[in-house]
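Dear colleague,

Please find below the structure that I am handing over to you. My findings follow directly after it.

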Amino acid sequence: MQQLDERLKAQYAALSPQEQRVADFIFDHFNDLISYNSAELARLSGVSKATVSRLFKRLGYDKYKDMRDELRTLRQSGMPLTDNRDAVQGNTLLARHYKQEMANLTQWVNAIDAQQFAEAIDALAKARRIIIIGMRNAYPAALHLRQQLLQARGQVLLLPQPGQSLSEELVDASAQDLVVMVAFRRRPRIVRPLLQQLQADGVPVLLLCEPQAHSLFPLTRWQLCAPLDSVSAYDSYAVANSLINLLANALLHQLLDSGRPRIHQIATLYQQLDELEQR
């Protein structure tokens, strides 16, 4: 038999707005629910007592007391009343975080330009060298992108190297190479003149950025954007990492004939060097 939280989650979308207010309050205060009578729950939720009564009848309880008796029995048996890891309804930080992440992913998927994406994958496959540049908070994403692309092909470089300048590394870049500029917001000032120089030198650039970076678009050949919106002070890089995963997988599929043997060779070398734990 379903517990209360499972019934609420299963029927949440079908509830009236007033009933959803009660459900949201229950999700946020589940462990205290046993101490409230129906009148208190109605007052704290900002709805009528009749709304509370209708909600619990919809959930399969003849009376509000039946629900409290069920919770009391579960608590006495030592069973957890709810799994808070799934509490993505209501106005908790977890719920708001989840909803924002889902909104970011939806925005990203709906905005992807299929032709640009296909052209970018083709460029990643055919370039003599892939030069990935990432600074400040974009550096971890750039590092991860390099590690993923390196599984499918060689000649994938990461700049800047710790403590080094860029000029020595980029002086030989040409139209046969591809620069992937990972440049999310709060970018260093050097990003714009660097893109201008690469454009002047005829070096193709794939830009990974947030959707608001419109001023950089004319300086690059392809742009793939990842929303960074968050419910807190810190940007969310969930979509950025999903984009990296998509790029790496698409490149591997494009280079499957050469990429698959390369992956096997890497795995063999792991074993020969005893670098990774065996599962």
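How many bridges join strand 1 to strand 3, and do these strands run parallel or antiparallel? Five bridges join strand 1 (residues 130-134) to strand 3, and the two strands run parallel. Please note that this is a predicted model.

Strand 3 also pairs with strand 4 (residues 205-209), to which it is joined by four bridges, again in a parallel arrangement. Met181 of strand 3 has a bridge partner in each of these strands: Ile133 is paired with Met181, and Leu207 in strand 4 is the partner of Met181. From strand 3 the chain passes through helix 10 (residues 191-200) to reach strand 4, and this β-α-β crossover is right-handed.

Five of its five residues are buried, so the strand is largely enclosed by the rest of the structure. Leu178, Val180 and Val182 point one way, while Val179 and Met181 point the other way, and all of them are buried. In general, side chains in a regular strand alternate between the two faces of the sheet.

A further residue that I examined is His97, which lies in helix 6 (residues 93-111). His97 has a relative accessible area of 38% and is therefore partly exposed, since that class lies between the limits of 20% and 50%. Asn31 is 66 residues away from His97 along the chain, and the C-alpha atoms of the two are separated by 21 Å.

With kind regards

Key. Residues are numbered from 1 along each chain as its sequence is written. This is a predicted model: local features need pLDDT of at least 70, side-chain atom pairs count only at pLDDT 80 or more; totals for chains, interfaces and linings use all residues. Side-chain values use heavy atoms; hydrogens and water are left out. Buried means under 20% relative accessible area, exposed over 50%, partly exposed in between (1.4 Å probe, protein chains only). Two strands pair if DSSP finds at least two bridges between them. A crossover is right-handed if, with the strands pointing away from the viewer, the path from the first strand over the helix to the second runs clockwise.
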